[in-house]
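Subject: Structure for you to look at

Hello,

Here is the structure for you to open. My notes on what was found follow below it.

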Amino acid sequence: MEIIEAYEYHQFYVVVFKWSEGECLFDYWNFEKYKKDTGVKSPKERFSQLPVSKKLSTVDVLFSFLENVNKKGYVAVDFYDGGIMYNFSTDSTTICDINFLKKFQLLTIKELTGLEQNV
């Protein structure tokens, strides 16, 4: 993802990314269209019919993103298929709608449970 610009706005941090082609895997604004015309397949349905190797490539993109977020001390809170676009022409995955990450503190087993860890 290429960043075009980034800036603070009041209590928010805004990032504008380069445009990417693709179809949202949770395109709720088209749900009525799919009900009316059952011959039209949603991107989610088309994605589910892809070979496993292509779906695993998408998983690699998602895990890579989430791992990087985690290394920076954050966790994705509102992250679901509505924030994922898939380009069926190029078999590429774009993460979009990155809008809610939360800072976290790593806890030990003892801190979580109050128990000593036996190794």
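Buried means under 20% relative accessible area, exposed means over 50%, and partly exposed is in between, using a 1.4 Å probe and protein chains only. This is a predicted model, so local features need pLDDT of at least 70 and side-chain atom pairs count only at pLDDT 80 or more, while totals for chains, interfaces and linings use all residues. Residues are numbered from 1 along each chain as its sequence is written, and side-chain values use heavy atoms, with hydrogens and water left out.

Helix α3

Helices (H or I, at least four residues) and strands (E, at least two) are DSSP runs, numbered from the N terminus. Start with Lys54, which lies in helix α3. Lys54 counts as partly exposed because its relative accessibility is 31%. Contact means heavy atoms within 4.5 Å. Leaving aside neighbours within four places in sequence, Lys54 is in contact with Tyr86 and Asp91. From Lys54 to Asn68 there are 14 residues in sequence and 22 Å in space, C-alpha to C-alpha.

Thr58 is also in helix α3. With a relative accessible area of 3%, Thr58 is buried. Not counting residues up to four places away in sequence, Thr58 touches Phe47, Tyr86 and Thr93.

Leu62 is another residue of helix α3, and at 15% relative accessibility Leu62 counts as buried. Phe79, Ile84 and Ile95 are what Leu62 touches, not counting residues up to four places away in sequence. Leu62 and Ile84 are 22 residues apart along the chain, yet their C-alpha atoms are separated by 8.8 Å.

The nonpolar core

A nonpolar core is a set of buried Ala, Val, Leu, Ile, Met, Phe, Trp, Tyr and Cys residues joined through side-chain atoms within 4.5 Å. Which residues make up the largest nonpolar core? There are nine in all: Leu25, Phe47, Leu50, Leu62, Phe65, Val69, Ile84, Tyr86 and Ile95. Helix α3 and strand β5 (84-87) each supply at least two residues of this core. The largest share, three residues, comes from α3.

Tyr86, a member of this core, touches Gly22, Glu23, Leu25, Phe47, Leu50, Lys54, Thr58, Asp91, Ser92 and Thr93, not counting residues up to four places away in sequence.

Pocket and cavity

On a 1 Å grid over the protein atoms alone, a cavity is a set of points where a 1.4 Å probe fits but cannot get out; a pocket is an open set with protein on both sides within 12 Å along at least five of seven lines; lining residues have an atom within 4 Å of a point. Grid points are joined across faces, edges and corners, and a volume is the space filled by probe spheres set on the points.

The largest pocket has a volume of about 850 Å³. It is lined by 26 residues, and the closest to its centre are Met1, Val15, Phe17, Phe65 and Ile98. At least two lining residues come from each of β2 (12-17), β3 (23-24), α3 (52-71) and β6 (92-95), and β2 gives the most, with four.

For residue classes, Ala, Val, Leu, Ile, Met, Phe, Trp, Tyr, Cys and Pro count as nonpolar, Asp, Glu, Lys and Arg as charged, and the others, Gly among them, as polar. The lining of the largest pocket has 16 nonpolar, five polar and five charged residues.

How many cavities of 30 Å³ or more does a search of the whole structure find? The search finds one. The largest cavity has a volume of about 40 Å³. Its lining has seven nonpolar, one polar and two charged residues, and Phe65, Ala76 and Asp97 are among them.

Cysteines

A disulfide is a pair of cysteine sulfur atoms within 2.5 Å. A search of the whole structure finds zero disulfides. The sulfur of Cys24 is 5.8 Å from the closest cysteine sulfur, in Cys96, so the two are too far apart for a bond. Cys24 counts as buried, at 10% relative accessibility, whereas Cys96 counts as partly exposed, at 22%.

Two loop residues

His10 is found in the loop between β1 (3-9) and β2. His10 has a positive phi of about 55 degrees although it is not a glycine. With a relative accessible area of 64%, His10 is exposed.

Asp91 is in the loop between β5 and β6. Asp91 is not a glycine either, and has a positive phi of about 55 degrees. At 33% relative accessibility, Asp91 counts as partly exposed.

Regards
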